[in-house]
Structures are given as structure tokens and as C-alpha cells.
Amino acid sequence: MKHLYFLVLLIAVISYPQFAHPAIRCDRDLINDGDSTLDVTMKLQKCGEIIGKEVIRSENSVGRKREEWLVRVYQSYHYYCYLLKFKDGKLDSMEYLRRCD
């Protein structure tokens, strides 16, 4: 019985995208920290879309470019929203927001 409980718990944790961080599955690809903006754009063409982009320029860090993208990804028969943060063209962090069907 303990093995069954553990198996059910394991499947539940793997199934929910907020627990599956730090990667977002996109068809057969994974969106990972360190991916370039071009890589993320190409991977999202298979499973989702970019809903919004914001470029943030800090006065203190000259030449450094920060971007935040709101993306919608199709996984497990539902759409999920994530906030992707880029530093100097590389994915720095991902944040699961909610299901957004």
C-alpha cells in the first residue's frame, strides 16, 4: 500500500507544471535556464505563444538588457502561463503563474 501511495504522489508532482520547474516542456524540447531568446522563440512555435514582452533598461547597468516575457504554453490538454525573465539575451528564470485556458 505504501508503494501505491508513493507512486500516486510521484505522478501528481510530475503532472503539475508548477512543480516541474526549472524546465518547460515544449513538444519534444525543453525550455531551460540559459536558453537564448531565439531558442525560446523557436521552441515556443511548437507548443505556445508569447503573449507580451517588456524590455527593461536599468540606468545603473549600462549596456545590460533585461526582458520579461509572458508566455502561454499548451501542456497536458491545458494552457499554462509563465513569466520568463531574460538577462543579456539568456533565460535567467521562469515563474509559473497559473492555468490560462
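Me: Numbering the bonded cysteines of the chain in sequence order, what is the pairing?
Reply: This is a predicted model, where local features need pLDDT of at least 70, side-chain atom pairs count only at pLDDT 80 or more, and totals for chains, interfaces and linings use all residues. Residues are numbered from 1 along each chain as its sequence is written, and side-chain values use heavy atoms, with hydrogens and water left out. A search of the whole structure finds two disulfides (pairs of cysteine sulfur atoms within 2.5 Å). Taken in sequence order, the bonded cysteines pair 1-2, 3-4.

Me: Which cysteine does a disulfide join to Cys26?
Reply: A disulfide is a covalent bond between the sulfur atoms of two cysteines. Here the S to S distance is 1.7 Å. The partner of Cys26 is Cys47.

Me: How many residues apart in sequence are the parts that Cys26 and Cys47 tie together?
Reply: Helices (H or I, at least four residues) and strands (E, at least two) are DSSP runs, numbered from the N terminus. Cys26 lies in strand β1 (residues 24–26), and Cys47 lies in helix α2 (residues 37–47). So the pair ties together parts that are apart in sequence by 21 residues.

Me: Is the disulfide of Cys26 and Cys47 left-handed or right-handed?
Reply: Look at the torsion about the S-S bond. For Cys26 and Cys47 that torsion is about -55 degrees. The disulfide is therefore left-handed.

Me: Where in the chain is Cys100, the partner of Cys81?
Reply: The sulfur atoms of Cys81 and Cys100 are 2.1 Å apart in their disulfide. This link is right-handed, with 105 degrees about the S-S bond. The pair links distant parts of the chain, 19 residues apart. Cys81 is in strand β5 (residues 78–87), and Cys100 is in the segment after β6 (90–99).

Me: Is Cys100 buried or exposed?
Reply: Buried means under 20% relative accessible area, exposed over 50%, and partly exposed in between (1.4 Å probe, protein chains only). Cys100 has a relative accessible area of 11%. So Cys100 is buried.

Me: What is the bridge partner of Val73 in β5?
Reply: Two strands pair if DSSP finds at least two bridges between them. β4 and β5 run antiparallel, joined by 10 bridges. In β5, Val73 has as its bridge partner Tyr80.
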